[in-house]
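Me: I'd like to learn how to read a model like this one, feature by feature. Can you walk me through it?

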Amino acid sequence: MATPLKPAPGAMSAVRIREAIRTCLSEARSDLGEVQQKALQTLVSITKVSPQNRNLLAQTEGAIPALLALSKSSSSTTQILALSILFNLSLNLDLKLSLADIETIYHLNTIISDPTESGKLASSLVCSLAMLDKNKAKFGVAGTIQLLVNAISGPRGPAAHHLLSSLAELVRFHGNCTVAVREGAVPALLQMVESTDGEDLAGTSLLVLGLLARFDEGLSALSKTEQIVSSMVQVFKGRCMLSKEGAAELLLLLFDESEGCVRDALRLQDFSSLVADISVRGSARAREKAALLMKKMMDADMDSYVDGNPMFSQW
């Protein structure tokens, strides 16, 4: 008699996980908070490290609507767990598009600026979904950009870094960049750069400013900002290398856009020494940017003599 064929171990595992998912989803609808939260915690664990498990959950009928409903729960614990599961699902590239429906986006908009763990998770979910280029315009149309700019313009909260990361991802799309500039993103970000609350926030803010400067609207707004060169020089005096890299890259863009910015730099007594120091002691990226800045400054200084309007040479 032939030996019965056994399912492959992977298939058995998938069957068990699918059954566990169905059980957890059923218990997640329970009126008992303890039962509900235990089921959601299991789903967080199941989806945390396995792309296959995320797909199995997403393919289970009614799973996504149920998780969205639970993410609106009045219980902060239930809300956090549901958002954690949705974030885990969003890590799968093939799920980003389906998760970013307009209802979900509007819901995330209501909590991204919340100064709690829910706000941080919502911001992280926005960032993850926005990594798919097809989703970027959806957030722009839904008003997410305005909300992010307003949030970073206010008092610094625990979700500040998450908000900046979401904005950074969204402004890679030209239309969102335009909206961000019109909403006052440039002064809001510069305020964060100049703040003493945290150099890591300054570095991320400079990254976003650099992304805005890739498009005409952002670069124009930056070049028209008073004391923009002086602000970047203050960054050079700080300790955060990420910030110095961002400031150097921003200055390179500004020098190409505005002769006024070049003249402002030439007038600053300690500009040359700061750039020279970065070109020697900075990170590889910072040294590269500093070397380009030095070349631009030397060319500009030489041109000032050729034009009959000598400026003091600092090099």
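Reply: Let's start with helices: a helix is a DSSP run of H or I with at least four residues, a strand is a run of E with at least two, and both are numbered from the N terminus. By that rule the protein has 20 helices and zero strands. Keep in mind that this is a predicted model, in which local features need pLDDT of at least 70 and side-chain atom pairs count only at pLDDT 80 or more, while totals for chains, interfaces and linings use all residues. Residues are numbered from 1 along each chain as its sequence is written, and side-chain values use heavy atoms, with hydrogens and water left out.

Me: What does the radius of gyration of the protein come to, next to that of a compact globule?

Reply: The radius is taken over C-alpha atoms, and the globule rule is 2.2 Å times the number of residues to the power 0.38. For 315 residues a compact globule would come out near 20 Å, but the protein has 25 Å. Along its principal axes, the C-alpha trace spans about 100 × 50 × 30 Å. Of the contacts with a separation of 6 or more, 68% join residues 24 or more positions apart, where contact means heavy atoms within 4.5 Å.

Me: Which domains does the assignment give?

Reply: Domain bounds come from an automatic or database domain assignment. Here that assignment gives domain 1 (21-28 + 41-89 + 103-110), domain 2 (131-225) and domain 3 (227-300). Taken over C-alpha atoms, the centres of domain 1 and domain 2 are 28 Å apart.

Me: What share of the residues counts as buried?

Reply: Buried means under 20% relative accessible area, exposed over 50%, and partly exposed in between, with a 1.4 Å probe and protein chains only. Of the 315 residues, 49% are buried. Take helix H11 (residues 160-170) as a case: eight of its 11 residues are buried, so H11 is largely enclosed by the rest of the structure. Those buried residues include Leu163, Leu164, Leu167 and Leu170, along with Ser166 and Glu169.

Me: Where is Ser205 found, and what does Ser205 touch?

Reply: Ser205 is in helix H14 (residues 199-212) and counts as buried at 0% relative accessibility. Setting aside residues up to four places away in sequence, Ser205 touches Leu164, Leu189, Met192 and Val193. Leu164 is one of the buried residues of H11. H14 also holds Leu211, which is buried at 7% relative accessibility. Beyond its neighbours within four places, Leu211 is in contact with Ala168, Val171 and Arg172.

Me: How far apart in space are Gly203 and Lys244?

Reply: C-alpha to C-alpha, Gly203 and Lys244 are 7.9 Å apart, at 41 residues apart in sequence. Gly203 is in H14 and buried, with 2% relative accessibility; apart from its neighbours within four places in sequence, Gly203 is in contact with Leu242 and Ser243. Lys244 is in helix H17 and counts as buried too, at 10% relative accessibility. Not counting residues up to four places away, Lys244 touches Val235, Phe236, Gly238 and Ile278. As for Ser26, Lys244 is 218 residues from it in sequence and 52 Å in space, C-alpha to C-alpha.

Me: At what angle do H17 and H18 cross?

Reply: Axes are lines fitted to C-alpha atoms, for helices over the stretch in contact, and angles run from 0 to 180 degrees between N-to-C directions. Angles under 35 degrees count as roughly parallel, over 145 as roughly antiparallel, 65 to 115 as roughly perpendicular, and the rest as oblique. The axes of H17 (residues 241-257) and H18 (residues 259-267) come within 5 Å and cross at roughly 120°, which makes H17 oblique to H18. Leu254, Phe255 and Glu257 in H17 meet Glu259, Cys261, Val262 and Ala265 in H18.

Me: What about H2 and H3?

Reply: The axes of H2 (residues 33-48) and H3 (residues 51-59) come within 6 Å and cross at roughly 130°, so H2 is oblique to H3. On the H2 side are Leu43, Ile46, Thr47 and Lys48, which meet Asn53, Arg54 and Leu57 in H3.

Me: Which residue has a positive phi without being glycine?

Reply: Most residues other than glycine have a negative phi. Gln227 has a positive one, near 60°. Gln227 lies in the loop between helix H15 (216-223) and helix H16 (228-236), and is exposed, with a relative accessible area of 54%.
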